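Reader: I would like a close look at how the parts of this chain are held against each other. Please take it one contact at a time and give the cut-offs as you go.

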Amino acid sequence: MHHHRRFTHFFNLFCTKTPLRTLPTITPSMHLHQHHRALSFSPLHRHPPDPTPSLFKDDPIAFLSNSWVDNFRHPNATVTNLSPSFRRLDLWLLAYQKVVADDTGSYLPRSSVPSSALNDLLSLRNAVLDRRFRWGQRLKFFIKSPKDTTDYESLSKRKIKAILTTTQPTPFQDKIVQEVLLMILEPIYEARFSSKSFAFRPGRTPHTVLRVIRRSFAGYLWYMKGDLSTLLDGMKVGMVVGAVMRDVRDKLVVDLIKDALVTPVVKTEVEKPQKKKKRKYQKKRVLAEDEPKPDPYWLDTFFGFAPEEAEKVPNWGHCGILSPLLVNVCLDELDKWMEGKIKEFYVPSKSDVIWNSPEGEAEQGNTSWPEFVPTSGPDKTRKMDYIRYGGHILVGVRGPRADAASLRKQLIEFCDQKYMLKLDNESLPIEHITKGIMFLDHVLCRRVVYPTLRYTATGGKIISEKGVGTLLSVTASLKQCIKQFRKLNFLKGDRDPDPQPCFRMFHATQAHTNAQMNKFLGTMAEWYRYADNRKKIVNFCSYIVRGSLAKLYAAKYKLRSRAKVYKIGARNLSRPLKEKKGQSPEYQNLLRMGLAESIDGLKYTRLSLVPEADYTPFPSNWRPDHEKSLLEYIKLEDPKTLEEQQSSIREQGLVSPQDYISMLVWNYKRSTLPRDQLSFVKSDESTVGNQQLLVGSNQDEDDRKSNEEENDENMDAAQMLISSFTFSPLMLA
């Protein structure tokens, strides 16, 4: 199964501003030619005169960066006018470059965009602003893809009917409008989204979900898992538009989103393909020059391992890549409601070791194990937490089961009122931690530990006592891993899985096949990075892949059995299986002469070669790097920050690095005045008073001589101190 995912790397856009090349000289006229051609399937417009260079004077990356900064500076402000953003042709050109890169698989530099494409892009922008743009056009386009060479004027009626009645890919111009909408709306909503949602957002991955669970869900006894993924298939248009208008009340944007949801999408039912007779000699399909290559085998295989929670990507109407953002906009109200419930639920207990402060953010009880929590009881703190990944939610409760049941009832009522989603107790099961809770193909369970607590009593006597507590265990599910491998035809059987040959790599060389599988194994090792049983699960994946390749090579080179393959190719299949003694030089000689490509052995063939699980501590109030950079930048821009720093320095009697270095430089200058300058100061009586301020009114010749002797030492000391300082933005604010 092939999954197309979109990853937004705002941090790269924010930190780097690419210089823009000037476009070719073009004529200054901006007049759009009126067109009224009936029953014509040609493009909707005639080319207007070339746009002026003044339209491209701004940097779209800088504009988007400022948009992110402004929205994070005022996260609660309602946006009412986005027309100036839509008028920026630079933004449309950036969207055009991104869509061309997705369509053709190669990046189109700004200076290489033809003037005809710029004219078409200008027409598309004006059509959107004038409300003339329509989603899902099949025959009339303002702009076409560079790949699309179809002459729509000369199409036959049969082909026109086929285009209008069958499923067609998303029009190129629709993708550009979707990109522009996403670039404008994403910074607005990202500043407002809850920190409890993680899917379809920049800087957040399933790994961050697992690390947050390990950090924040320790000590919870009852877990409630909910599947709201039916909302990802579609929601009522009024609900989506109402959710959008909570923060954005621009008529152009709202109408575009509403039309994208309302306009019907033409789809034809997929007929069951008839079995075709196998050809004896089948020609290999040759890709076109501008056609992107399909995903390589290792990546295509890894996509089949997508967890259930991350498998479904929403696609509403003609919204395209805007759909995941709209899903989060709609479900953000649920996140905010659950955040309120977390505050209501929290009841601290003074007898508890942790979470006994009013805020509930006290550190864990044991610094050696961040997830260590003393066992619960009736007198312990009551607390809950919540996390959402796409349409799947996970709620952890520390307290009696009755509280979890009461929360479930309220959640069912909320989903019914807000989303008209009918849930019941079976769709929101409450399970105890001892049964194991599956989330993102990892099992959450707990281990009871009895650490020895040593402390010093009165009188200096050291007392050792055994405590009792729990550790949250995040373990990769071996059962789920076997299920995914079976789905990909890598093995058969459950209790005693038997690897199956991956015949898709039959015609590839041994070096290429091993390289593909090594990439797959490396990706699997990274996916299970935070699993407690990482060594065991990755070693199992290596065993399946190695057995699959051994069976493939046995069939390909007619070696009959896996044992024969291992005997010739070694345990990790790094030796060539094609070589026959006496007929060709040794493989090492061919490798030395450059006549053979090196064959990499398979990774992780032994348990000791698999890396350990990553237990790096995770901060409690974690934010992605780009959000931290934004907030720090906004704080540094605020003049109050500098005033607070200076006042705190004065109160504590400290010296700032800037002042200290200026003192060093001043003393260095004062102690290195040349002798001829001093003699000049003596001879010129009019400037003696001024120069005495520098040299010192009470200094005599002996002091000056001693200063000159100490000149070298002061200079060395000043240079050492200056070089020892590392300037940061905070110091230079």
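Author: In this predicted model, lysine 225 stands opposite leucine 394 in strand 4. The model is predicted, so local features need pLDDT of at least 70 and side-chain atom pairs count only at pLDDT 80 or more, while totals for chains, interfaces and linings use all residues. Residues are numbered from 1 along each chain as its sequence is written, and side-chain values use heavy atoms, with hydrogens and water left out.

Strand 4 covers residues 392-398 and pairs with strand 1, residues 222-227, in the antiparallel sense over six bridges. (Strands are DSSP runs of E with at least two residues, helices runs of H or I with at least four, numbered from the N terminus; two strands pair if DSSP finds at least two bridges between them.) Strand 1 also pairs with strand 5, residues 430-432, again in the antiparallel sense, over three bridges. There, methionine 224 has isoleucine 430 as its bridge partner.

Next, the nonpolar packing. The largest nonpolar core holds 112 residues, a core being a set of buried Ala, Val, Leu, Ile, Met, Phe, Trp, Tyr and Cys residues joined through side-chain atoms within 4.5 Å. Phe86, Trp92, Tyr96, Ile176 and Leu185 have the most contacts inside this core. Helix 7, residues 172-190, gives the largest share of the core, 11 residues. The core lies between domain 1 (60-191) and domain 2 (206-266 + 293-356 + 369-432), because both give residues to it; the bounds come from an automatic or database domain assignment. Leucine 185, setting aside neighbours within four places in sequence, is in contact (heavy atoms within 4.5 Å) with Leu82, Val248, Val253, Ile257, Leu322 and Leu325. Another core, of 39 residues, lies apart from this one, and its members include Ala476, Ile482, Met524 and Ala531.

Charged pairs come next. The whole structure has 29 salt bridges, each a side-chain nitrogen of Lys or Arg within 4 Å of a carboxyl oxygen of Asp or Glu. One of them joins arginine 73 to glutamate 637, with 2.2 Å between the closest N and O atoms. Arginine 73 is in helix 2 (residues 60-73) and glutamate 637 in helix 20 (residues 625-637), so this pair ties together parts that are 564 residues apart in sequence. Arginine 73 is partly exposed, at 30% relative accessible area, and glutamate 637 is also partly exposed, at 42%. (Buried means under 20%, exposed over 50% and partly exposed in between, with a 1.4 Å probe and protein chains only.)

Glutamate 190 forms a salt bridge with arginine 201, the closest N and O atoms being 3.0 Å apart. Glutamate 190 belongs to helix 7 and arginine 201 to the loop between helix 7 and helix 8 (206-216), so the pair ties together parts that are 11 residues apart in sequence. Glutamate 190 is buried, with a relative accessible area of 2%, and arginine 201 counts as buried at 6%. Both belong to a network of salt bridges that links Glu190, Arg201, Arg204, Arg623 and Glu627.

Aspartate 498 and arginine 562 form another salt bridge, with their closest N and O atoms 4.0 Å apart. The aspartate lies in strand 12 (residues 498-499) and the arginine in helix 18 (residues 562-569), so parts that are 64 residues apart in sequence are tied together. Aspartate 498 is partly exposed at 24%, as is arginine 562 at 27%.
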